[in-house]
2 protein chains.
Amino acid sequence: MSSSNNDHDQVKSAGLFERLWGKIVKFGLMLKKLGQDDPRRIVHSLKVALAVTLVSMLFYFEPLYDGFGLAAMWAILTVVIVFEFTVGATIGRGLNRMMATLVAAALGIGVHRLATLSGKQGEPILIALFVFVEAGIVTFFRFIPQMKARYDFGLLVFNLTFCLISVSGYRDDEVIRMGFERTNTIIIGSCTAVAVCVFIRPVWIGVELHNQIATNMEKLANFLEGFGDEYFIVSENGQTRDKSSSLQGYKSVLTSKSSEDTMANLARWEPGHGRFRFRHPWKQYLKVGTLTRQCAFKIEALNNYLTSETQTPQDVKSIIQGPSVVISSECGKALKQLATSMRKMTKSPSNDPHIAKSKDAAEELKAVIRSSLCKHQDDSLNIIKDGAVALLLFEIITCTEKISEAAHKLASQAHFKDVKPRVTPVQENSGNDGPHHVITIEG
Amino acid sequence: MSSSNNDHDQVKSAGLFERLWGKIVKFGLMLKKLGQDDPRRIVHSLKVALAVTLVSMLFYFEPLYDGFGLAAMWAILTVVIVFEFTVGATIGRGLNRMMATLVAAALGIGVHRLATLSGKQGEPILIALFVFVEAGIVTFFRFIPQMKARYDFGLLVFNLTFCLISVSGYRDDEVIRMGFERTNTIIIGSCTAVAVCVFIRPVWIGVELHNQIATNMEKLANFLEGFGDEYFIVSENGQTRDKSSSLQGYKSVLTSKSSEDTMANLARWEPGHGRFRFRHPWKQYLKVGTLTRQCAFKIEALNNYLTSETQTPQDVKSIIQGPSVVISSECGKALKQLATSMRKMTKSPSNDPHIAKSKDAAEELKAVIRSSLCKHQDDSLNIIKDGAVALLLFEIITCTEKISEAAHKLASQAHFKDVKPRVTPVQENSGNDGPHHVITIEG
């Protein structure tokens, strides 16, 4: 009986071990996938490790350590706290931390001096009072929306440093030395973090935003290009629409607002890099993003008709099929064109042939609706559904036009390259399409 | 001439002073408004100031200071870093900081011991290697989505403490004392922050989420209740729709996803409070929120027809007016009812009479569309627009029903109170409507 119990225990522990091993393997695979999905994550981890190792040299080398002593730990702390995935976030945090420490250390030293004037009895009371008032005010300032967006971390560090310097000044009279040490080591830490972040395979959040806006347009374009086939043709066979799931990529655009806002805020910290200048028109990106999202709302409505279980019969659908497919696919092409121009950072031609074609098709569709849609009087509800799809397509044209206008404004504000105009196809000067061969619009 | 110059300078400086004063006044008014909009902000600022002042006592009182020395600064640092506006966020940060410090300090001490074994030459190299590997791995772990959502701050603190303890151990041989000091003071700081946050007028983020979900439903309800009057009646007078701006409150619901996700994540840290238990069904709140947002997308589409410049003529609109107004207002009432029940934390009756009424009106509207809408053959485009409004109203009924189902599930999962059933209106027992007089559904 005891042997059978032992066996049982062994089996149980083997099962436990296998389950544990299974979990470890699963975790490992998940980590691998994270790295494969975006190898920059691995690079970032190595960069942080490098920066931390670099500042820890302040401890290992005698001459460096003699200068700072244990205060060198603030440098390590700063690197870990400041180093973020993107350049914008790292610079933002680094500058906030340096400036806030500098100002707060100076103020803290001042308060310490003021408090010592009141004698050993009054000093702690006066310091406590100052700390209370300062902490209250700075905490309240963090609620100011403009402050929260860009200087929230700075206010936190200000609060921290001020309290630290003025309070520990009560015990350590060398408060000036302490203030300097903290400020210097924090500057060393911030600069190390920023330097490693910028000079080793930097991830610019401005570029991320730029790409995300273009990707969002492409997602809408994919839906619109696929919509015609999915809605009008597949249903002919009476099949269920499994393929439509490939068109659902636009869904993420519906809720992309907050990530775009954050990105634009951080991008403003970044210096000029590549073809992005320091004062790149990030706000205009947000405008394009908002219009894209509004278009996504229309597409969400259109998607309802695509995925609805009660489909309009094919004979009703076929009334509007021709021009509808044209509108949808031409708007899709227009958006794809805009996205491509944005990715290449070129100005796209301002009068888009795709939008013009979709507008022609819209006129045609209106005529169809006027002339023949209501002929099917026995099937009013389906006619209305058909008509609603048409109306949504009209709205999508308007949206696409608005996106196009905003994207053109962006291209001009951000000084995107002009594309070589194809005026005279006879004249061949294909060798000369460098950046100098441009027509400047702003003069 | 020099006197005129002086005058000019005086005028200029007076102007400068006035402008500066104007800015200060404006800033002051803005601060006042921030406080008036949400007085809890002022309370929070005072709470932070109080907590910081409390931990700074570690410096002022001789016996306390003797125990910790300058390490007491970690307590101040912790309070400033951990103290957030809501209880959930504060507890989350506090627990993360305490646990991460404890584990990392232990590991850091272990690594220091291991490194000292390799002699004075090998020690810095070995420590640097450990730090590099640890920083790389922990930084990479921060990319794991589940980790990021709840333990991001913990991983940061782990990284920080491990580097700090193992690196400064190279200079200060009392590394165990240092680890203990850091851990103890951080525990003191975290507990102070959490205690002040919880015991003085706490702001529960769970309650915030609960209220936001209810508010969002109310915003949709306001639109739906007002839609009928705005769309069908005002346009009778041919006036422009200025009032419609009062209905645009639903717009914020379109982009509320990320704030709801964050709130639900933080709410899970909160202990039971009032009628919210520890394992309150926060995920179900997110489901109700998602369905509410989907309904907001439909309302966005409906709003297009409301604010469109080319309005359908009144005679076409009037075809669908009767049942449309009923659907819209009944769905609005249903949503308002659900929101009210949620606020009161009561179970609303599962078969909602408002939804039933709106469904009856939908049948009526379908009949109207089938029988008479296509009679106006000369005005197909307007008929289609009218029909599209009707279709959206049908979809909104479906959405409202889904929201209602999810809200009922939430009410049952969260053990909301049953409302006294009005079965026998003859029997009067109005004195007995306490929480004991309930019909348990779960048994």
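Chain A and chain B bury about 7300 Å² between them, and 78% of that area lies on carbon and sulfur atoms. Buried area is the accessible area (1.4 Å probe) that two parts lose on being put together, summed over both. The model is predicted: local features need pLDDT of at least 70 and side-chain atom pairs count only at pLDDT 80 or more, while totals for chains, interfaces and linings use all residues. Residues are numbered from 1 along each chain as its sequence is written, chains are lettered from A in the order in which they are written, and side-chain values use heavy atoms, without hydrogens and water.

**The interface**

- The contact (heavy atoms within 4.5 Å) takes 78 residues from chain A and 78 residues from chain B.
- Seven residue pairs, both members at pLDDT 80 or more, are in polar contact across the interface of chain A and chain B.
- A polar contact is a pair of N or O atoms within 3.5 Å; within protein, one must be able to donate a hydrogen and the other to accept it, and residues adjacent in sequence count only if both atoms are side-chain atoms.
- Helix α2 (residues 40-60) of chain A gives the most to the side of chain A that touches chain B, with 13 residues.

**Chain A**

- Chain A has 15 helices and two strands, which are DSSP runs numbered from the N terminus (helices: H or I, at least four residues; strands: E, at least two).
- Of its 443 residues, 51% count as buried, that is, under 20% relative accessible area (1.4 Å probe, protein chains only).

Methods: Buried < 20%, exposed > 50% of the residue type's maximum accessible area, 1.4 Å probe, protein only.
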